[in-house]
Amino acid sequence: MNTVELITRKRDGGELTREELHYLVQGFTEGSIPDYQMSAFLMAVYYQGMNRDETVWLTQEMKESGDIADLSKVRGIKIDKHSTGGVGDKTTLIVGPLAAACGVPVAKMSGRGLGFTGGTVDKLEAIPGFKTTLPEEEFFELVNNSGIAVIGQTAHIAPADKKIYALRDVTATVENLSLITSSIMSKKLASGSDGILLDVKCGSGAFMKSEEDARRLAEMMVEIGKADGKKMMAVITDMNQPLGNAVGNALEVREAIEVLQGKGPSDITELSVELAGRMIWLGGCAATPAEGVAKAGQALTSGSGLQKFREFVSGQGGDPAVADDLSLLPLSSCSKEILADRSGYICGIDAMTIGLASQHTGAGRQTKEDAIDHGAGILLHHKAGDRVEAGEALMTLYSDEVSKLESASLEAAKAVQIGDQAPELPNLIHGVVE
Ligand code: URA
């Protein structure tokens, strides 16, 4: 096969066969196809798209580029949950313990932050002592004994995605439906669960900006998962402003604990209960999604979700006392407040701008080699719809470096729009795809 001929065909709007996609994925993963040819191919896909069959084949080829996890040693119906990436999205830290407290085994492999979006593994590593790498047998044992374990995804799961994503990230080819579908679903299908709940984000802080695109992405991922024999559901949720008030690793762990204590912000609490409820239903522990949501709500109010969080943290070497003493979590040494420059109503807080500003405090990586400042990030004191007075603090930024704080605060200040009228707020949940 000739790589240039395949790039040319896609560039001109043509279609590729499964064998041709196999050749490209395998060649790139092994190193016989160089970065510059794969970059050109990705840009051709970005502009021309892929049809359904090409997307299915690309997903399968990427899934088969590495190991397929065998979770058969974990008892019960294992349900995974995946968010397409957002700002302040710490739901896994809440939803996992709630679902596990209701009897659903959660054996989850998670990723690190990508660009302006955070990653569960980085958040968990903000907990003193928490290990995100465990031997396979220990991982299985933890899930069998306490119902939940979350580890970093190994390099052997969908290695093609790891290499292709790294290239997409630096060639402006992330935001394409087929490329996002194949990236997410190749990893999820290789992770060995029996079912997957997808949280497809839509809005300014998501890869899919419009509801229509988010729905198309959700439908494609659900279809591909079902074709692979998985129980599937996708919830399309709003990501126009950050979820909850905290953005940044330890700040988000703190807020997740507050939610499990019943003291968290209403948006993240509501969404977590909705997502956990659907996981409980997918896992066969509720007869309907509504019953699952009711059970998740009870796990929150009874404290059984918080108790499961303590077991989860201590099982992975972390200090479970963080669940009762938030001061045990790191917090960066320097802080700066951003004040309202006028009185009025907050009409919007642009999630992507806050995500980028948080990355610049040191909470996220600019390059994949960067170390993370776990105590850095942004705490919002107000959300869209709130009334504020001139001079009132809108948010506080945290960083270990004053220079980072200065540049991040200039950026973060641009995220907030204040107007005279109270805005109409979008629904948190835009729809469900089954
Ligand atoms: N998350 C992924 O894992 N891949 C994408 O392409 C986008 C979000």
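Predicted model: local features only at pLDDT ≥ 70, side-chain atom pairs only at ≥ 80, totals over all residues.
**Ligand site**

The shell around the ligand is formed by Thr84, Leu114, Tyr165, Arg168, Ile180, Ser183, Ile184, Lys187 and Phe207. Sorted by class, this shell has five nonpolar, two polar and two charged residues. Two helices, H8 (159–170) and H9 (177–190), each supply at least two residues of the shell. Helix H9 gives the most, with four residues.

| Residue | Ligand atom | Distance |
|---|---|---|
| Arg168 | oxygen | 2.9 Å |
| Ser183 | nitrogen | 2.7 Å |
| Lys187 | oxygen | 2.4 Å |

On its own the ligand has 240 Å² of accessible area, and the protein covers 96% of that area.

**Antiparallel sheet**

The pairing of S7 with strand S11 (residues 393–399) is antiparallel and runs over six bridges. Within this pairing, Cys334 has Ser399 in S11 as its bridge partner.

**Mixed sheet**

A further open sheet of four strands has the order S1-S4-S5-S13, with mixed pairing. Its edge strands are S1 (79–83) and S13 (429–433), each of which pairs on one side only. On average, neighbouring strands of this sheet are turned by 15° against each other, direction ignored. Strand S5 (residues 231–238) pairs with S13 in the antiparallel sense, over four bridges. Thr237 stands opposite Ile429 in S13.

**Helix pair H5 and H11**

Two packed helices are described by the angle between their axes and the distance between the axes. For helix H5 (residues 91–101) and helix H11 (residues 249–260), the axes come within 9 Å and cross at roughly 35°. On the H5 side, the residues that meet H11 are Leu93, Ile94, Pro97 and Leu98. On the H11 side, the residues that meet H5 are Glu252, Val253, Ala256, Val259 and Leu260. By class, this contact of H5 with H11 has eight nonpolar residues, no polar residues and one charged residue.

**Loop residue Gly129**

Gly129 lies in the loop that runs between helix H6 (120–124) and helix H7 (136–146). When its neighbours within four places in sequence are left aside, Gly129 is in contact with Gln316, Gly317 and Gly318. Gly129 and Leu198 are separated by 69 residues in sequence, and their C-alpha atoms are 29 Å apart in space.

Note on methods: Residues numbered from 1 in each chain as written. Heavy atoms only, no water. Axes fitted to C-alpha atoms, helices over the stretch in contact; angles between N-to-C directions. Contact = heavy atoms within 4.5 Å. Nonpolar A, V, L, I, M, F, W, Y, C, P; charged D, E, K, R; others polar. Near = heavy atom within 4 Å. Polar contact = N/O pair within 3.5 Å; in protein donor to acceptor, adjacent residues only side chain to side chain. Areas by Shrake-Rupley, 256 points an atom, 1.4 Å probe, with all protein chains shown as cover. Pairing = 2+ DSSP bridges.
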